[in-house]
Amino acid sequence: MMTLSNSLDIIPRMGSSVIEHCDTTRGHVDKDIAALAESLRGRRSRRISLSYISWLPLEILTTIFTYIVEEDTFKSHTGTPRPNGAPISMIITHVCRHWRQVALECPTLWAYLNCVPANCLDMMLERSKKIALVVIYRSPGSLRKCFQQILSQLPRIKLLQLCSYPWDVNRILDCLSSQSAPLLQSFKFSVAGKSNFRAMGSISDAVFKGRAPVLRSVELVECTFSWTSCIFSGLRTLDVRRIGSASYPTLSQLLSTLRRMPELEQLTLGLSSRISEDTELSDRVSLTQLKSIALDACTLRNAVSLFSYLAFPVDVKIALNLAPIGSCLSDLFSAMHKDPDGSGPIIRSMRASLSYHTFGVQFGTSTAFKSKYSWDPHDDDILLSIQFKCSSSTRKPPIIFDMCQMVPHRQIQSLFVTSSLVLRENFWRVGSSDLPELENIQLSGACNMRSLITVLQSGGTQSSDMAYPSLRALEFENIDFGCGEAEELQDIAIMRAGHGVGIHELRLVKCRNLVDDRVQFLKEVVTDVDWDGHEEGLVGGSGSGGGCLCHICRDESSGEDYMQALLHSDYDYDPDSDAYSED
């Protein structure tokens, strides 16, 4: 029988052979694992090569990659690097061997420098070879680390968009003035935080060494510059906003600059201070190719002065963001529309956005608006957009109809109103008088429909005596129905149908205090009722006694008939002082 001590005596004698055996066997196993891993990698690669996209012709795959890179470059709103710092062209190369080979053989993919980190620039520039560059740095923090390296390639750049800190501007301008820009087509330069920094250089004739022969688009924000600079010549797009006092032009300087751009198509200017009319001017500047003009943060007087000396096609899109307007509103329309009786596009729709501090009104050639409200809309159908700050004398919603009367070639069929103000009966009565061809009214916002219902209920025995005699469609969105107003709307539909001017369409979206039973009654008298099924009451909590909070019940529960005071008084309600203030 072998004892424990005998067994322990054997271990030293067999130890070396066991260790050698284990090492040898483990080595064989490792080789088998490596072979299996290589086989698996090969099979995975083979599987990827059998995917549909791998069979696309190289030209199509390259086009797809280029589209992805362009989308990432031009539709990036943040302007900040990716979390991992890698350009999208580099990410493509890490998907598979085939994609990497395709990407590396396409210099265009590496020519888009969208906030590329400094440590990747050399690689991007090398792989882009001699292709023209697109350079976009919307973040001043990203730019300041590498602007010298980027701008050393100025002769290769075709699109240059930079956002700089004020303290970096002088060095950037030095770089921009060190070489010509023979390929540059678009130049955008903005400065962040200019108000805190004074010693900032100016863009002068020295920029690009005075040579940027194909430059067609310039956008400057918060910059200091000379209006005689070479960059203001032969442009098709000019966008200059938040102009500092050192660069603010006289009217003659501005017009002289525009004369050097006979093919200008897009013009955007920020003219917040008064333009000095330093000399007697007579000749107008003819901009026969102009498609749109936008004046941002502009005084009414500046707008009138500029339009008085510009000649442009009748179908130009005009967008104005004005300071509080005064009594010369008619002067503005006369300056914009110098020949109101001449031919021009027919205006078929009108949209108003009304708040306590700002009014906006837009006029379009279509009966509908394709986009949400913006003072400078991208909707090509909107030919005129005017937004202005309100003062106590202009905070009167019917002013939008006064403006409408000044618009030539108007045949308004659709009216869209979004309001956070109480719209009085007078507003809708003026609209009925000024818009006899109106077929559609859309009302939305925090206002209510009480005054509109009151006006629609009025009328004589003849259809011509009815308010809005051509009205055929009503749309309400985010409106609070008062108790009984759905039934009143039903009675209005019956009354109008009896006079041959019935309402044929009714659209209800996210309206509160509206339930299915009331909508069914409306469907009995209106041919086409489009309701989203939204049911939300206006019942208060325990603090309000659990009663209805609609404006009608609220008026009845208070002893002051609050809503009627707002609708019929000659005063404006001031939310800042929580009191009435006389105009």
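Here are some worked exercises on the predicted model shown above.

The model is predicted, so local features need pLDDT of at least 70 and side-chain atom pairs count only at pLDDT 80 or more, while totals for chains, interfaces and linings use all residues. Residues are numbered from 1 along each chain as its sequence is written, and side-chain values use heavy atoms, with hydrogens and water left out.

**Exercise 1: the whole chain**

Describe the confidence, secondary structure and burial of the protein chain.

Step 1. Begin with pLDDT, the predictor's confidence in each residue, from 0 to 100. Its mean for the protein chain is 84, and 84% of the residues reach 70 or more. Over residues 559-583 the pLDDT is below 50, and this stretch has 45 contacts in the model beyond near neighbours in sequence. Contact here means heavy atoms within 4.5 Å.

Step 2. Turn to the secondary structure: the protein chain has 18 helices and 21 strands. These are DSSP runs numbered from the N terminus, with helices being H or I of at least four residues and strands being E of at least two.

Step 3. Look at burial and surface. Of the 583 residues, 45% count as buried. Buried means under 20% relative accessible area, exposed over 50%, and partly exposed in between, with a 1.4 Å probe and protein chains only. The accessible surface comes to about 29200 Å², of which 51% belongs to carbon and sulfur atoms; such areas come from the Shrake-Rupley method with a 1.4 Å probe, and for residues only the protein chains shown count as cover.

Step 4. Finish with the contacts between residues at least 6 apart in sequence: 68% of them join residues at least 24 apart.

**Exercise 2: two helix pairs**

Work out how helix 15 packs with helix 16, and then how helix 2 packs with helix 4.

Step 1. Take the angles, which run from 0 to 180 degrees between N-to-C directions, with axes being lines fitted to C-alpha atoms, for helices over the stretch in contact. Helix 15 (residues 485-498) and helix 16 (residues 516-525) pack at about 5°, with axes 9 Å apart. For helix 2 (residues 58-74) and helix 4 (residues 97-104), the angle is about 80° and the axes are 10 Å apart.

Step 2. Classify them: angles under 35 degrees count as roughly parallel, over 145 as roughly antiparallel, 65 to 115 as roughly perpendicular and the rest as oblique. Helix 15 and helix 16 are therefore roughly parallel. Helix 2 is roughly perpendicular to helix 4.

Step 3. List who meets whom. From helix 15, Ala 486, Glu 487, Leu 489, Gln 490, Ala 493 and Ile 494 meet Arg 518, Phe 521, Leu 522, Glu 524 and Val 525 of helix 16. This contact divides into 7 nonpolar, 1 polar and 3 charged residues. In the other pair, Leu 58, Leu 61, Thr 62 and Phe 65 of helix 2 meet His 98, Trp 99 and Val 102 of helix 4; here the classes are 5 nonpolar, 2 polar and no charged residues. Ala, Val, Leu, Ile, Met, Phe, Trp, Tyr, Cys and Pro count as nonpolar, Asp, Glu, Lys and Arg as charged, and the others, Gly among them, as polar.

Step 4. Zoom in on Phe 521 in helix 16. At 41% relative accessibility, Phe 521 is partly exposed. Its C-alpha atom is 7.2 Å from that of Gln 490, a residue 31 places away along the chain.

**Exercise 3: burial in helix 10 and at Val 455**

Is helix 10 largely enclosed or open, and what does Val 455 contact?

Step 1. In helix 10 (residues 300-308), 7 of the 9 residues are buried, so the helix is largely enclosed by the rest of the structure. The buried ones are Leu 300, Asn 302, Ala 303, Val 304, Ser 305, Leu 306 and Phe 307.

Step 2. Their packing partners include helix 9 (251-259), strand 7 (266-270) and helix 11 (329-336).

Step 3. Now move to Val 455 in helix 14 (residues 450-457), which is buried at 1% relative accessibility. Leaving aside neighbours within four places in sequence, Val 455 contacts Glu 425, Trp 428, Arg 429 and Ala 467.

**Exercise 4: positive phi**

Where do Glu 222 and Ala 297 lie?

Step 1. Glu 222, not a glycine, has a positive phi of about 60°. Glu 222 sits in the loop between strand 5 (217-221) and strand 6 (237-241).

Step 2. Ala 297, also not a glycine, has a positive phi of about 50° and belongs to strand 9 (residues 292-298).
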